[in-house]
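Here is a quick, friendly walk through one protein model. Have a look at it first, and then read on.

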Amino acid sequence: MLLSWRRAAASQVSKLSNNKDLFIPCLSYAKASATAVAHASDDSGQKNFPSKSLVNLDKMFWSKPCSLALAPDSPLRVEEPNYQGFRRFVLKLLLFYSKQSTSIRGANVVYQRIISQVDKPTIYEVFNLEKTFKMTFSLLVLHMWLCLRRLKQEGKQGVEFGQYLYEIYNHDVELRVSKAGVNLLLTKWMNELEKIFYGNIVAYDSVLLPEAKSNELVKVVWRNVFSDDGKSEPDVTALPAVQAMARYVRREVNCLSLTDKEALFSGNFMFTSLDNTSSDAARK
């Protein structure tokens with residue numbers, strides 16, 4: 001049985017209650033993903049890393065937050081199967097329409113929304129990121145936190161749904177680690193990545209507290225996503241991208257808060273599109 005993400009996060013908070021440093025002193029990505037990166041790297045040794053962002057980052061993510069729910073007529077919507085007659089009767093007997101089964105299907109759709117945002121080349125191009133195992137994992141954790149944070153606002157039902165979502169995420173990460181070439185000591189690597197996951201979500205939660213300083217989100221985004229050496233201060237050359245991602249994160253938090261419960265639990269929402277840089281997200 002997987003440890004509840006909420007209880008595990010609470011445990012992390014308890015351990016860190018006397019620590020004034022917002023940046024969680026968890027294991028470094030270099031240790032947790034070194035083997036995976038080594039196996040997954042290109043044989044040529046070349047990095048697929050843009051030298052400059054393809055957009056004007058200073059102009060992005062200043063627009064007013066809005067609901068991320070898909071329109072009723074959107075072709076991207078995923079609707080619950082509405083079987084009739086004998087088939088529906090049999091499926092009911094098999095608990096296909098039970099609360100748990102419905103939640104699991106919804107959680108699968110939500111996770112598909114997450115990996116759709118994280119696996120697209122656009123997010124790496126916009127924020128000038130190298131697509132590596134470590135980077136993809138960092139973005140997965142960030143978008144998982146965005147969803148889990150919003151789900152907690154729905155009380156017990158949201159927390160239960162969040163557990164299904166976490167289990168789907170955990171299974172996907174295990175497959176990604178195996179695909180990257182880590183077949184020996186898989187449990188060890190999963191435990192390392194799990195610690196990073198909980199450390200990161202505690203850090204993200206901390207910087208959204210009312211008493212948090214305005215620049216703390218930038219520092220946490222730098223440490224959790226961009227930094228390779230654990231330094232708490234962003235590199236000057238990377239600062240525009242870090243600041244833009246911090247604005248993106250804060251805007252997505254607000255957009256998800258405006259997204260209704262039905263859209264959230266059915267997965268009928270989409271993160272802000274990064275494909276069209278002339279869109280609303282790119283305007284001042």
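Helices here are DSSP runs (H or I, at least four residues), numbered from the N terminus, and the expected span of a helix is 1.5 Å times one less than its number of residues. This is a predicted model, where local features need pLDDT of at least 70 and side-chain atom pairs count only at pLDDT 80 or more, while totals for chains, interfaces and linings use all residues. Residues are numbered from 1 along each chain as its sequence is written, and side-chain values use heavy atoms, with hydrogens and water left out.

Let's start with helix 4. It covers residues 99-119, 21 residues in all, and reaches 30 Å from its first C-alpha to its last, close to the 30 Å expected. Its buried residues (under 20% relative accessible area, 1.4 Å probe, protein chains only) include Arg-105, Val-109 and Tyr-111. Among the elements that cover them are helix 6 (133-152) and helix 7 (155-179).

Now for the salt bridges, meaning a side-chain nitrogen of Lys or Arg within 4 Å of a carboxyl oxygen of Asp or Glu. A search of the whole structure finds 11, and here are some of them:

| Pair | N to O distance |
|---|---|
| Glu-80 and Arg-105 | 2.7 Å |
| Arg-176 and Asp-119 | 3.0 Å |
| Arg-176 and Asp-172 | 2.7 Å |

Arg-176 sits in helix 7 and Asp-119 in helix 4, so their bridge ties together parts 57 residues apart in sequence. Arg-176 and Asp-172 are four residues apart in helix 7, about one helical turn. With 16% relative accessibility, Asp-172 counts as buried. Elsewhere, Arg-77, Glu-79 and Glu-262 are linked in a salt-bridge network.

How values were computed: Helix = DSSP H or I, 4+ residues; strand = E, 2+ residues; numbered from the N terminus. Buried < 20%, exposed > 50% of the residue type's maximum accessible area, 1.4 Å probe, protein only. Contact = heavy atoms within 4.5 Å.
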